[in-house]
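Q: Could you take me through a close look at a single part of this model, the place where the two chains meet? I would like one connected picture, please.

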Amino acid sequence: MLDDFMVRAFLAGLGLALVSAPLGCFVVWRRMAYFGDATAHAAMLGVALSLAIETDVFFGALIFAIIMAWLTTQLSGRNYAMDTLLGVFSHSFLAVGLVIVSFISGVRIDLMAYLFGDILAVSKSDLGVIWVGTLVVLGLIIWRWTPLFLTTLNEELSYASGFNPKREQLFLTIALGITVAVSIKVVGVLLITAMLIIPAASARNIARDPEMMVLVAGVVSCISVILGLRSSYVFDTPPGPTIVCVALAIFIVLNLINTLRRLKL
Amino acid sequence: MKRLSSKHEAFATLAQVWPSFAMKLITIDSLTVAYVGVVALKNVSFTIDSGEIVTIVGPNGSGKTSLLKAIIGAVVPQEGNVDVKSGLKIGYVPQRLNLDPTLPISVGRFMKLSENATKRECQRALEQAGVAEIMTKQMSELSGGQLQRVLLAKALLGSPEMLLLDEATQGLDQPGAAEFYKQIEKLREETGCAILMISHDLHVVMSASDRVICLNGHICCSGTPQAVAATPEYKELFGADTDGALALYRHNHDHKHDHNDKNPTNSTEATH
């Protein structure tokens, strides 16, 4: 079954869908959209270095995504605002990554594959990495759900309830790093944030409580992956962007329904 | 004008006769807090006894928030220490929530976060805080006053011996804030729990307190509300126009009906 590239593509996409849903909700709630973007861009440097030393791009991307996330949380508020720092690091990491890739001679590297993902080229070992990453992140979020959520609402409240917001922030950073690394092969560096944010934002139209929002976001992600892959096969379009387009369509439809429902009231 | 409950008066008298009866909940001893070279608090010492209402007032940047963070353990003091009675259950009422509009959560669900409270316990806490009928409402639909009371109700779960309020009335108008402090006083009467408030809301906060501590990096003065308001340090810190602060508070209470329309949370509840 796993020998079929389409089956592998579906399984990889569903793994991404499951991991991006809960994390995407936190990204939206904590207004970290730009943070996700920056982490993804920074991961490109990791990808380049991994290619240079010929190891799996997953680990390079993971390490740099986490370094980036850690750097910005450490340095923000000192001399520069958070978004300035993110802008400096993310784009320079991306640029340095691209420059390094140009130096790697002999190997023909399809950069597009990392910028926009190449879900159809996912190997069995990639699939293993994606699902291990997915399960780790899901486990982390289920385990830390209440403290993560309290920290999102108010850091002092979290302290007073006996949690350490800084530690929870670190957990979230690691989860984001893993998610970015896992997503690179599926939707690529440039579209990861879309998979984090669009399903979560769509879910907001229906959900009445946070757990429900995560669940709906998961369903929206899965539908996007399945329909997106199917359409990309039928219409011969690039899979990553097609998946994001389907997610966008769901977002628009749910918003329209919500608006109509409100108008009626 | 300030009326203590008879229960509390009896308690206060008993505490004078038998000092050890008033248990020290928190002892702060020569506390100094500094961030990257900037000293926020220097050599601050005071205690909070069971059952008393203490208000800390001070201008912006006077170290109020640092003090509060030191008590809940969010900052590590440079010098001195904060001694919290072992096993003391503190209910913390934050200033506000980072409630993004994209975050759906009902009042009932919020109440149960991090506390294993039953529905009935949540309902009771909401009643105590003066918002009985909003369990199923979304947090994002609440008015400023209602939100503040829900935060108070959450802090009340688990029957704390002490409540810690961080600028709890920010965003409320003056009658709304006065109303909120009335609720706090009532809570103290009902539950006997100690209350430490931080505020720059001078006009309304002080009359509700047993003791006011005026903070500006260090303790400028402290004592009963009336005594503090009369000190030159206090006047220097807050300017001459605060002379009528206490009077204004009384005035507001005597003429409650004049201000009712401004804040919907007031209109349903009668004062005194």
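**Where chain B meets chain A**

A: Happy to. Chain B and chain A bury about 2,200 Å² between them, and 60% of that area lies on carbon and sulfur atoms. Keep in mind that this is a predicted model. In terms of residues, 25 from chain B are in contact with 23 from chain A.

Let us turn to the polar side of the interface. Three salt bridges are counted between chain B and chain A. One that you can look up directly joins the side chains of B:K69 and A:E156, with an N to O distance of 3.5 Å. There are also 10 residue pairs in polar contact between chain B and chain A, counting pairs with both residues at pLDDT 80 or more.

On the chain B side, helix 2 (64–72) and helix 3 (107–112) each supply at least two of the residues that touch chain A. By kind, the chain B residues on this side divide into 12 nonpolar, eight polar and five charged.

Among the elements of chain A, helix 5 (residues 111–116) has the lowest mean pLDDT, 80, while helix 11 (residues 210–235) has the highest, 95.

Conventions:
Residues numbered from 1 in each chain as written. Chains lettered and ligands numbered in written order. Predicted model: local features only at pLDDT ≥ 70, side-chain atom pairs only at ≥ 80, totals over all residues. Heavy atoms only, no water. pLDDT = per-residue confidence, 0-100. Helix = DSSP H or I, 4+ residues; strand = E, 2+ residues; numbered from the N terminus. Contact = heavy atoms within 4.5 Å. Buried area = accessible area lost by both parts, 1.4 Å probe. Salt bridge = Lys/Arg side-chain N within 4 Å of Asp/Glu carboxyl O. Polar contact = N/O pair within 3.5 Å; in protein donor to acceptor, adjacent residues only side chain to side chain. Nonpolar A, V, L, I, M, F, W, Y, C, P; charged D, E, K, R; others polar.
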